[in-house]
Amino acid sequence: MIVKRPAMVSLVEEYIAMRRKMGFALEIGGYQLLRFARFADARDHHGPITLDLVTQWAHHKTTCPRTWADRIRALRPFTKYRAQFDPDTEVPPPKFIGPKRQRLAPHIYTNEEIRSILVAASELPPRGGVRPAAYETLYGLLAATGLRISEALRLRIQDVDLEAGVLTVRETKCKKSRLVPLHSTTVHALKRYAHIREDNFIARRWKNFFLLAGGHRLEKDTAQRQFRRICNKLHLHARGSHPTPRIQDLRHTFITHCILRWYRQGIDIDKEMLALSTYVGHAEVTYTYWYVTGVPELMSIAVQRFEKFASADIV
């Protein structure tokens, strides 16, 4: 009797559910795994995961070596998991297709670029409606706090305390929550949006803070798509390693501007970095330190300070 193996999609869904119960969000990684599973099932693959299948998936509809490496990187934890139940599973070795993915330098927006984006968002139709107000406020909040876009869009009304000037960001990466104090100008902008929101919707009927016309929740893909349209309209050209400016670069910009300001003011970066890391919700302070080496402006200042330190030591 031949026992039919379960479809790859069901195996991946089982794995994702298990990881999420352990506290991992697995958003992008889960999306990649499901694409791989559908790819395998479409080819009627019923045996263990093989390096040949992995290679086919890595090269599927792309000639970009970075994409190949990203796909393999997303697959390796899943193949290790499957190897516990199916010893014939072949786990891709490190650097199986190309080197480990390196973090690309983000686009760091100037203050003028941010202002232009917010003005363009406020001018979206219908003028004076909840739609342009929602986009302007969302983009402004991301720039002013460094929130992840998913964190901002998950905010509920009760999470936005405009009297105390504090946001409650619930269950972000690794299922952690945190309080985010706000600058008075940010509180003022949120209050202005809240008034427009209440004028358009029955109070408390909709739980989400960011809404579009008709009370529809503002979704991540929609916000990103509108942001790209605005950047294209403004003819903003990417200065980082990515082909275009991205909405997540507002988070990078916030962190970078904080560290740049501290450098210029002569503040002890090491003493402040832990607070900044906690504020933006990084699981480890090393993730925040990456910006010193990952952003050219910061690396230049760091080099200058080191040269000054080295020359003083020699003297």
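**Figure 1. Lining of the second largest pocket in a predicted model, with α6 as the element that gives the most to it, six residues.** Helices (H or I, at least four residues) and strands (E, at least two) are DSSP runs, numbered from the N terminus. The space in this second largest pocket is about 380 Å³. Two or more lining residues come from each of α5 (111-122), α6 (130-145) and α8 (184-200). Of the 15 lining residues, Ile114, Leu118, Gly140, Ala143 and Ala144 lie nearest the centre of the pocket. The lining comprises seven nonpolar, five polar and three charged residues. In this classification Ala, Val, Leu, Ile, Met, Phe, Trp, Tyr, Cys and Pro are nonpolar, Asp, Glu, Lys and Arg are charged, and the others, Gly among them, are polar. A pocket is an open set of points on a 1 Å grid over the protein atoms alone, where a 1.4 Å probe fits, with protein on both sides within 12 Å along at least five of seven lines; lining residues have an atom within 4 Å of a point. Points are joined across faces, edges and corners, and the volume is the space filled by probe spheres set on them.

**Figure 2. The cis peptide bond between proline 125 and proline 126.** Omega of this bond is about -5 degrees. Proline 126 sits in the loop between α5 and α6.

**Figure 3. Serine 277 in helix α11 (residues 269-280).** Serine 277 is buried, at a relative accessible area of 2%. Buried means under 20% relative accessible area, exposed over 50%, and partly exposed in between (1.4 Å probe, protein chains only). Neighbours within four places in sequence aside, serine 277 has contacts with His282, Glu284, Val285 and Thr288; a contact means heavy atoms within 4.5 Å.

**Figure 4. Glutamate 13 in helix α1 (residues 8-21).** Glutamate 13 is partly exposed, with 46% relative accessibility. Leucine 33 is 20 residues from glutamate 13 in sequence, and the C-alpha to C-alpha distance between the two is 8.9 Å.

**Figure 5. Cysteine 231 and cysteine 258, in a structure with zero disulfides.** Cysteine 231 is buried at 2% relative accessibility, and cysteine 258 is buried at 7%. The criterion for a disulfide is a pair of cysteine sulfur atoms within 2.5 Å.

Figure 6. Of the 315 residues in the chain, 44% are buried. Among contacts with a separation of 6 or more, 60% are between residues 24 or more positions apart. The chain exposes about 18100 Å², of which carbon and sulfur atoms supply 54%; areas come from the Shrake-Rupley method with a 1.4 Å probe, and for residues only the protein chains shown count as cover.

Residues are numbered from 1 along each chain as its sequence is written, and side-chain values use heavy atoms, with hydrogens and water left out. In this predicted model, local features need pLDDT of at least 70 and side-chain atom pairs count only at pLDDT 80 or more, while totals for chains, interfaces and linings use all residues.
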